[in-house]
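My entries follow the order in which I looked things up.

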Amino acid sequence: MSSPDAATHDPAVRINPSILAADFVNMQAELQRIAAADFVHVDVMDNHFVPNLTFGPQMVERIHATSPVPLDVHLMIDDVDRWAPGYAEIGAASVTFHTEATSEPVALARRLRSLGARAGIALKPATPVEPLFDVLDEFDQILVMTVEPGFGGQSFMADMMPKLRLLADECHRRGSAVWLQVDGGISPSTIEQAAAAGADTFVAGSAVFGADDPDAAIASLRSLGAHAHRH
C-alpha cells in the first residue's frame, strides 16, 4: 500500500518522517524507503541548544541531493540568525528555527522566504504560544514540540494539546494559512489527538522508519489524521 485510499486522503495532512530514527549508515536507502512522504524531517542539533549532536550543512546538502522528497529542516541550534539562511541556500524546502534561539524571528523568517524556503518557527514545551499571535502570517509553519527537543523516541506529551488548540483557534480566527506541525511521539496511537487539536503536519520517527513497510505506515498515519480532521 503506497498511498492512502482516495476516500480518506486529506491533502491538508502531511507526514514528515524524521531521519533521527533512520539508519545513518544507509541514509540513501533509508530516504528511498519514505518516497511516499510529504517531506523528510531533518533534525539539526549542535550539542549546545540541545544536548545532542547530529548533522551539519554538508550532510544536509547531501541528504538534499539524494532525497526523493523535499527537506523539512528543524534547527535545534544556537545563533540561528547566523546559521539558518545557509540551510535555505543549500536547497531545504522548509527551515524551522526555535523562537528561543533568535533575537529577530520576523526578520529571520523574511530572510528565509527571500531565499526561497518556507519559514517555520518552533516552540519548546514550556514556551508560550501567545507572543506569535500578532505575527502569524510572517511564518509558513509553526512547530509545537510534543517532547523536549534533543532526542528521538520520547513519549508524546498530551498536555501540549491545549496549547496547540489555542494556536489553531487563533489561526482560524485570523484566517491564517500557516501550517501547524507537531514533533515528538507521533504514532498511530497519538496522531488523532494532535490532529483533533488542530495539527496538520506531523513528524513521525520510529512509527515510519521502524515499520516493515514505511509506505503503509505513512498511509495509515495520513488516514488517521484525516479521520480526526473530519470528526
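**Ground rules.** I noted that this is a predicted model, in which local features need pLDDT of at least 70, side-chain atom pairs count only at pLDDT 80 or more, and totals for chains, interfaces and linings use all residues. Residues are numbered from 1 along each chain as its sequence is written, and side-chain values use heavy atoms, with hydrogens and water left out.

**Confidence.** I looked up pLDDT (the predictor's confidence in each residue, from 0 to 100) and found that the protein averages 93, with 95% of the residues scoring at least 70. Over residues 1-9 pLDDT stays under 50. Where pLDDT is low, the predicted coordinates should not be read in detail.

**Sheet.** I took helices (H or I, at least four residues) and strands (E, at least two) as DSSP runs numbered from the N terminus, and counted two strands as paired if DSSP finds at least two bridges between them. The sheet is open, has eight strands in the order β1-β8-β7-β6-β5-β4-β3-β2, and pairs in parallel. Its edge strands, each pairing on one side only, are β1 (14-17) and β2 (40-45).

**Strand β4.** I asked myself why β4 is largely enclosed by the rest of the structure. Five of the five residues of β4 are buried, so the strand is largely enclosed; buried means under 20% relative accessible area, exposed over 50%, and partly exposed in between (1.4 Å probe, protein chains only). Ser94, Thr96 and His98 lie on one side and Val95 and Phe97 on the other, so that both faces are covered, all five being buried. Strands β3 and β4 run parallel and are joined by four bridges, and in β4 the bridge partner of His74 is Thr96. Five bridges join β4 to the parallel strand β5 (residues 118-123), where Ser94 has Arg118 as its bridge partner.

Counting contact as heavy atoms within 4.5 Å, and leaving aside neighbours within four places in sequence, Phe202 meets residues including Val13, Ile15, Val182 and Ala195.

**Met161.** This residue is found in helix α5 and is buried, with a relative accessible area of 5%. Met161 and Ala195 are 34 residues apart in sequence and 9.6 Å apart in space, C-alpha to C-alpha.
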